[in-house]
Amino acid sequence: MAAGTNPPGAATAQQWTGREARLLRHALRLSVRGFAAYLGVAARTVAKWESGGTSTVPRPDTQAILDTALARADAGARTRFEVLVTQAQEAGRAPEPAPRYDYEAWTDDLDRTVACLGRQEFRLARTLLDRWLARFEPNSSDRQGMYLYGRSLRLLGEVRQDQGALRGPLSAEHVYRQALRVFTELESPRRVAQLELQLVVIDEMSGQLDAAAARYESLTADERLSPHDRTRARLWVGTALSKRGLHETATHHIVPAIREFEALEEPADWSIAHQKLALAHRGAGDLTAAGRAIDVALTNRVDDTPLQQVRLETAHAHILLSDTATADSGLAILDRTARISTRYGLMHQLRSIDSIRRRFESR
């Protein structure tokens, strides 16, 4: 089917197959997800076309959508498409072989992994990830496989981060840097920036607070990130500053982040930000304000996973321990959070709980 609305001399496709769809995406310089949004179809649909190559022929209504997409592309993109199609034809390619990997099953396993991370089911998450990481052979020409490989590495990094393995050859940092290289090669700026943000989190968790605060600050204005991620970076500037002892300065970042999360309709992060605000007020010695903020976080807790439960209740205990009248309640909460941390293998949280207890006892 020709794209009849194109101007004379523009590229056309007599019939769209998965190969031509992929070439159009490359000509438009879009990711799979971005191309899907451009067409108004699901990202999985685009991935299925591309994995099928010339053996996949979209339905007639989809052929028309691709015709329209090519017609409304700018002149540069149409020229790039024409060159890519011509090169493919001159190469005399045979139909592309069937993919070596079941990308749909891989995508499903990644969705299952995300759910496992939410429940801190680390063993099952590792099983789901390892079955693909062990069998996939990185190949720069297999863009879909490389994209899923990069996602798998990032999720493995999150597993290791939640378990407290921050640095070293088997650490979250090591795997995040592997994923960063993959998405840099794939020219996926959003994914690259997200991984840069995760690496700053590792710096903060490792105690590099000044460097982390400065890097978070730079990412608050990074257009590669979504407004949600930029707001998270703003919140984490305050977190790093509060840990550094600059509590009042920290609130100047946390309070705007709370307002932005409310505008973005992100209730989970809005609640977490109140938890961070409570700790900043506690550090500044304002236990009344700290109590108000932690009450908001406790009342509006969302996605109450074991990890978030431990973080929130540890913050609550920390505030209670600051007042001799409520110290016993704080110790009881610390005991409970320590048991949960041990049960789920949340070693970084367990170290934080032990540190709070030691500081309290040393007083």
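Which helices do the buried residues of α15 pack against? Let's work towards the answer, starting with the whole protein.

## The protein as a whole

This is a predicted model, so let's read it as a computed picture. The protein contains 18 helices and 0 strands. Along the principal axes, its C-alpha atoms fill a box of roughly 80 × 40 × 35 Å.

Of the 363 residues, 49% count as buried. The protein exposes about 17,500 Å², and carbon and sulfur atoms supply 51% of that area. Take the contacts between residues at least 6 apart in sequence: 60% of them join residues at least 24 apart.

Now find residues 287–299, which form helix α15. This helix has 13 residues and reaches 18 Å from its first C-alpha to its last, close to the 18 Å expected at 1.5 Å a residue.

Its buried residues are A289, A290, A293, I294 and A297. They cover an arc of only 125° around the axis, which puts them on the same side of α15. An α-helix has 3.6 residues a turn, so residues three or four places apart point the same way. On the other side of α15, you will find T288, R292 and T299 exposed.

Here is the answer to the opening question: the buried residues of α15 pack against α14 (267–283) and α16 (306–320).

Helix α14 has 17 residues and reaches 25 Å from its first C-alpha to its last, close to the 24 Å expected at 1.5 Å a residue. Its buried residues include A268, D269, H274, Q275 and L277.

Which helices do the buried residues of α14 pack against? They pack against α12 (227–243), α13 (247–263), α15 and α16. After α14 comes G285, whose phi is positive, near 90°.

## The nonpolar cores

In soluble globular proteins, nonpolar side chains tend to be buried together. In this model, the largest nonpolar core has 80 residues. Those with the most contacts inside it are W106, L129, Y149, L153, Y216, L235 and I254. Helix α10 (residues 189–205) gives the most to this core, with 9 residues.

Leaving aside residues up to four places away in sequence, L153 touches L133, V175, Q178, A179 and V182. There is also a second, separate core of 19 residues, and L23, L28, V46 and A88 are among them.

Terms used:
Residues numbered from 1 in each chain as written. Predicted model: local features only at pLDDT ≥ 70, side-chain atom pairs only at ≥ 80, totals over all residues. Heavy atoms only, no water. Helix = DSSP H or I, 4+ residues; strand = E, 2+ residues; numbered from the N terminus. Expected span 1.5 Å × (residues − 1). Buried < 20%, exposed > 50% of the residue type's maximum accessible area, 1.4 Å probe, protein only. Arc of directions from axis to C-beta. Contact = heavy atoms within 4.5 Å. Core = buried A, V, L, I, M, F, W, Y, C linked by side-chain atoms within 4.5 Å. Areas by Shrake-Rupley, 256 points an atom, 1.4 Å probe, with all protein chains shown as cover.
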